[in-house]
Amino acid sequence: MKYETQRVAYPFFLVAMALFALQITFGILAGTVYVLPNFLAEAMPFHIIRTSHTNLLIVWLLIGFFGCTYYLIPEETEHELYSPKLAYIQLGIFAFAGAAALVGYQFGIHEGRHYLEQPFWVKSLLTLSFLMFLFNTTMTLIKGRRTAVSLVLMLGLWLAAIFWMFAFYNPSNLALDKLYWWWIVHIWVEGVWELIMAALLGYLLIKLTGVDREIIEKWLYVIVGLSLFSGLLGTGHHYYWIGTPGYWQPIGSIFSTLEVIPFFAMVVFAFYMFWKGSRNHPNKAAMLWTLGCAVIAFFGAGVWGFMHTLSFINYYTHGTQITAAHGHLAFFGAYVMLVLALISYAMPQMRRVQPYNQVMNMWSFWIMTSAMCFMTFTLTFAGVVQTHLQRVLGMNFMEVQGQLDMFYVMRLGAGVAVAVGLVLFLWSIYGRTREQVPQTANVPGTA
């Protein structure tokens with residue numbers, strides 16, 4: 001690790017992993033309710049558990065992105081971070097706001113808009129924290145060198161903040177509300193977050209493969225172009241049934257179909273760089289998470305997204321368990337695995353030791369990834385049954401739910417397996433190292 005201020009990322013990773021563990025806990029609670037409908041019905045209704053689960057996902061991923069940025073931006077700019085103190089204050093504000101929202105949900109304090117349930121004052125604190133982060137990193141970028149990785153990353157982060165502003169706009173017309181609501185929920189995860197993903201993936205491949213930066217940066221620009229071209233108008237696949245004009249059906253179908261392309265490009269990009277590079281970096285676990293991220297993102301966001309994105313298919317499948325299957329694997333592959341990859345790469349360096357506990361780390365990869373894939377298949381089969389019984393045959397919703405009990409039990413088991421995988425990951429990263437060997441400059445990727 002070349003720059004002392006890269007250590008700022010450490011507390012961000014700690015907080016992110018703590019919230020990740022809490023998110024999985026709420027996910028297991030939600031899965032239990034599907035199996036035992038009266039579980040915690042009085043103490044914590046299902047809609048509160050689900051809201052907590054989804055909000056924690058967004059909050060911990062953002063904190064993870066902040067930590068990843070603070071780790072790589074000094075190295076990319078060849079300049080120490082503008083203000084480490086500001087970064088710590090920003091983390092405190094963001095974590096406090098997220099915790100306040102989570103506690104508030106347990107008492108029914110929320111605005112009711114899915115993913116945007118935070119009260120106005122919480123949204124304001126989150127915005128303040130985000131702006132502090134952007135100021136800190138942008139000033140660092142201005143004072144140092146500019147690379148494609150840092151520019152694409154900062155573009156994605158700035159666009160994320162800009163589109164977040166629509167969270168403050170809540171029109172009384174429901175169709176109008178949903179139209180702008182998707183400008184955050186869709187354009188974030190299927191547009192500007194893809195820029196963040198591509199930049200972080202590019203950084204990891206530069207460090208782990210040893211391939212020339214110029215080659216990776218050319219690929220990066222292609223992926224960014226494809227992501228923005230397909231992702232922005234691809235928002236139209238959410239406009240099919242909310243009262244918008246009919247022309248959104250062909251537009252949404254065509255451009256959301258094209259959203260598969262940047263994810264496929266990321267798979268080709270990652271494996272081409274892997275085979276082109278030396279492939280002898282000592283941190284095998286970080287490489288595994290990096291390659292796995294590209295593959296699972298392609299299947300979760302690309303293939304499973306394509307399965308129900310065409311309007312004439314979505315007419316039957318929207319809002320079923322097929323949507324849940326797509327959402328779980330897409331988020332896990334594209335963003336969760338990415339943050340875990342960068343943590344796996346950065347933590348040994350921040351602890352000033354050689355890559356450690358890698359077998360355990362790789363076991364956590366296979367357990368978590370296998371469990372998420374099994375959960376996705378389970379929810380997909382459940383969604384197909386649900387679509388046929390409910391949307392085709394017209395069976396009552398609750399009757400259909402009774403036919404899906406077996407799938408929900410399997411989904412709960414998969415959630416428990418994900419929790420086991422996370423425990424292994426946390427122990428491999430934060431537990432004792434076998435060899436407390438200081439890193440040296442001749443270890444590939446550590447300089």
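The model is a predicted one, in which local features need pLDDT of at least 70 and side-chain atom pairs count only at pLDDT 80 or more, whereas totals for chains, interfaces and linings use all residues. Residues are numbered from 1 along each chain as its sequence is written, and side-chain values use heavy atoms, with hydrogens and water left out.

Glu-80 is placed in the loop between helix 2 and helix 3, where helices (H or I, at least four residues) are DSSP runs numbered from the N terminus. Apart from its neighbours within four places in sequence, Glu-80 is in contact (heavy atoms within 4.5 Å) with Tyr-3, Glu-4, Thr-5 and Thr-140. With Thr-5, the side chain of Glu-80 forms a side-chain polar contact of 2.3 Å; such a contact is a pair of N or O atoms within 3.5 Å, of which, within protein, one must be able to donate a hydrogen and the other to accept it, and residues adjacent in sequence count only if both atoms are side-chain atoms. The C-alpha atom of Glu-80 is separated by 32 Å from that of Val-267, which is 187 residues apart from it along the chain.

Arg-113, located in the loop between helix 3 and helix 4, is buried, with a relative accessible area of 7%. Its side chain is joined to that of Asp-177 by a polar contact of 2.6 Å, and, neighbours within four places in sequence left aside, Arg-113 is in contact with Phe-166, Ala-167, Tyr-169, Asn-170, Asp-177 and Trp-181.

The loop between helix 12 and helix 13 holds Arg-352 and also Asn-357. Arg-352 has a positive phi of about 55° although it is not a glycine, and phi of Asn-357, likewise positive in a residue other than glycine, is near 50°. Arg-352 is partly exposed, at a relative accessible area of 46%, while Asn-357 is buried, at 11%.

The domain assignment, which is automatic or taken from a database, gives domain 1 (1-146) and domain 2 (214-431). Their centres, taken over C-alpha atoms, are separated by 20 Å, and 26 residues of domain 1 are in contact with 30 residues of domain 2.

Grid points are joined across faces, edges and corners, and a volume is the space filled by probe spheres set on the points. The second largest pocket has a volume of about 370 Å³. It is lined by 27 residues, of which Asn-55, Ile-58, Val-59, Leu-62 and Gln-118 are the closest to its centre. Helix 3 gives the largest share of this pocket's lining, eight residues.

A search of the whole structure finds two cavities of 30 Å³ or more, and the largest cavity contains about 50 Å³ of space. Helix 12 (321-350), helix 13 (358-392) and helix 15 (405-430) are the elements that give two or more residues to its lining.

Methods
1 Å grid on protein atoms, 1.4 Å probe; cavity = no way out; pocket = protein on both sides within 12 Å on 5 of 7 lines; lining within 4 Å. Buried < 20%, exposed > 50% of the residue type's maximum accessible area, 1.4 Å probe, protein only.
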